[in-house]
Amino acid sequence: MKFNDFKYERPDFEQVKKEFESIIETFKASKSGQEQIQLIEKAFKLFDEIDSMATLVSIRNSINTKDEFYENESEFMDENMPLISNYSNILDKSIVKSPFKDELKVHFGDHFFNQIEVSLKAFDEKLIPFIIEESKLSREYSKLIAGAQIEFEGGVYNLSQMSPFTQSVNRKTRHQAQLKVSGFFEENEKAIDDIYDKLVHLRDDMAKAMGYKNYIELGYYRMGRTDYGEKEVNNYREQIKASVVPAVSKLTERKAKRLGIKDLKSYDTIAFLSGNPTPKGSKDHLVDVAKNMYQEMSEETDKFFTFMLNHDLFDLDSKPGKQGGGYCTYIPKYESPFIFANFNGTSHDVDVLTHEAGHAFQIFSSRHHIPSQRWPGMEGAEIHSMSMEFFAWPWVKDFFKEDTEKYYFTHLSSAISFLPYGALVDEFQHEVYKKPDMTPDERKATWRRLEKVYLPSKDYDDDHFMEKGTYWYRQGHIFGSPFYYIDYTLAQVCAFQYWIKNRENHEMAWKSYYHLCTLGGTKGFVGLIEAAKLDSPFIDGTISRTIKPLMAFLDTIDDTKL
Ligand SMILES: [Zn+2]
């Protein structure tokens with residue numbers, strides 16, 4: 001069966017409601033653990049059915065936003081899905097109160113209960129009005145950012161359309177373009193400050209309504225973190241400061257030399273005067289290369305990629321009416337991952353076939369787990385995708401041809417350089433929610449102070465507005481998904497370990513990685529990395545040990561020739 005034959009039927013939510021109510025009532029009155037297990041499994045089936053329909057709608061709507069049928073169905077789903085979360089919450093509450101908890105634990109595992117506990121700590125009915133207001137404010141921010149109309153060199157552009165100019169090889173062009181982007185944020189300073197101030201106070205009120213001191217604890221629960229907290233993350237950031245910040249300074253010096261610019265400014269965003277590495281060949285050619293790569297990589301990846309191709313589980317071309325960006329999702333009813341992308345001739349196209357395929361490979365490998373344990377948390381999930389980018393290295397030459405070495409250098413050095421920025425975004429948010437009564441100006445001063453710690457070489461030159469501490473205005477996660485950002489960096493540190501292991505012993509590295517993929521979300525982040533025998537980023541020494549071999553490899557490349 002091909003993706004186009006996957007059947008969508010609008011769920012009858014009146015019927016769904018009745019079924020959930022009956023499950024919950026029977027569960028509460030149940031006199032045996034065995035019966036409760038069956039009821040939970042019945043609820044899982046129902047969740048999977050509805051989730052599959054909602055996912056089909058969202059995929060088909062994103063492929064063609066002009067298709068009225070799926071546009072309507074999408075609205076219908078948006079209206080009705082909160083009902084499902086509500087039943088899930090009620091069922092969770094009954095599960096933790098069950099007199100047969102021990103029997104349920106034996107069947108579903110301890111982590112199932114850890115997940116329920118965290119979700120109950122993160123959500124209560126009394127938060128609903130706050131959550132509605134929160135998404136309203138987040139949407140207001142997104143709308144403001146998406147609505148940017150920046151006049152530049154005779155044209156009018158939104159923020160993402162400005163990026164070819166802000167990354168131009170012509171220094172004057174990228175400098176002026178950056179100033180224009182800055183100007184957009186300056187014009188909206190008051191509006192952005194207001195939205196963020198409201199969000200911070202709202203989240204602080206949410207935390208207090210749930211009995212927490214401030215939003216930090218609640219924010220961690222809302223991220224679904226079951227086995228680490230603020231203290232561990234703080235220790236991790238300290239290691240970034242000690243080991244990665246100096247390494248990035250070295251990379252920056254190399255870049256200055258490469259570009260022939262003595263003192264780099266914040267607008268010197270380009271990596272090479274000769275442009276970025278680009279894949280060679282058409283979309284079909286790149287998919288063929290990927291097919292060959294997954295065939296050679298392992299038996300498991302071969303089976304996976306063949307499945308994806310046989311069922312048409314990709315939509316890769318850019319076309320009119322198609323939503324931007326890329327993602328990987330999963331349709332439980334058909335046990336099928338799906339990859340959505342907009343190919344554009346940049347190295348992004350290869351990322352889709354390695355990074356997004358890494359996500360798809362993981363969900364394919366863990367598809368038989370219970371619904372809440374197929375995907376891990378975000379920090380766990382990105383290990384699979386970022387590591388797959390590294391497992392793909394032996395085939396990079398087939399994608400990039402003469403740009404292979406340039407790709408290696410860029411891939412590794414930009415991943416290392418990202419870590420301090422990610423930690424900066426995270427520490428900033430801890431400061432903000434620790435002191436929710438800071439004024440907008442105090443928040444900006446906090447950003448600039450921390451920016452000097454994590455990105456000491458950042459020089460804004462004549463950009464006075466950025467110098468004030470406003471770069472974070474463009475980082476959507478800070479507004480819409482608090483405390484999420486550090487997850488990318490945690491996963492990156494784990495993926496680096498696979499880069500190292502893979503060069504030392506491919507067999508062992510692959511075995512550990514595949515095992516991690518099959519585990520899906522059956523454990524928390526710390527539990528997963530223990531099971532895969534990776535070093536925890538939270539423990540002293542891990543970061544410096546991980547960075548060293550990467551920097552040594554980069555030293556073997558003469559980047560002045562690239
Ligand atoms: Zn990803």
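1. Helix 14 lies across strand 4 and strand 5, running at about 165° to strand 5, where axes are lines fitted to C-alpha atoms, for helices over the stretch in contact, and angles run from 0 to 180 degrees between N-to-C directions. The model is predicted, so that local features need pLDDT of at least 70 and side-chain atom pairs count only at pLDDT 80 or more, while totals for chains, interfaces and linings use all residues. Residues are numbered from 1 along each chain as its sequence is written, and side-chain values use heavy atoms, with hydrogens and water left out.

2. The open sheet has three strands in the order 3-5-4, with mixed pairing (two strands pair if DSSP finds at least two bridges between them). Strand 3 (314–315) and strand 4 (327–331) are at the edges, each with a single partner strand, so one side of each lacks a neighbour in the sheet. Strand 4 pairs with strand 5 (residues 336–340) in the antiparallel sense over five bridges.

3. Helix 14 (residues 348–365) also packs against helix 22 (residues 506–519) at an angle of about 65°, with their axes 7 Å apart, which makes the two roughly perpendicular (65 to 115 degrees).

4. The structure holds zero disulfides (a disulfide being a pair of cysteine sulfur atoms within 2.5 Å). Cys 494 is in none, and the nearest cysteine sulfur, that of Cys 517, is 13 Å away. The sulfur of Cys 517 is 12 Å from the closest cysteine sulfur, in Cys 328, too far for a bond. Cys 517 is buried, with a relative accessible area of 0% (buried means under 20%, with a 1.4 Å probe and protein chains only).

Key
Helix = DSSP H or I, 4+ residues; strand = E, 2+ residues; numbered from the N terminus. Parallel < 35°, antiparallel > 145°, perpendicular 65-115°, else oblique. Buried < 20%, exposed > 50% of the residue type's maximum accessible area, 1.4 Å probe, protein only. Contact = heavy atoms within 4.5 Å.
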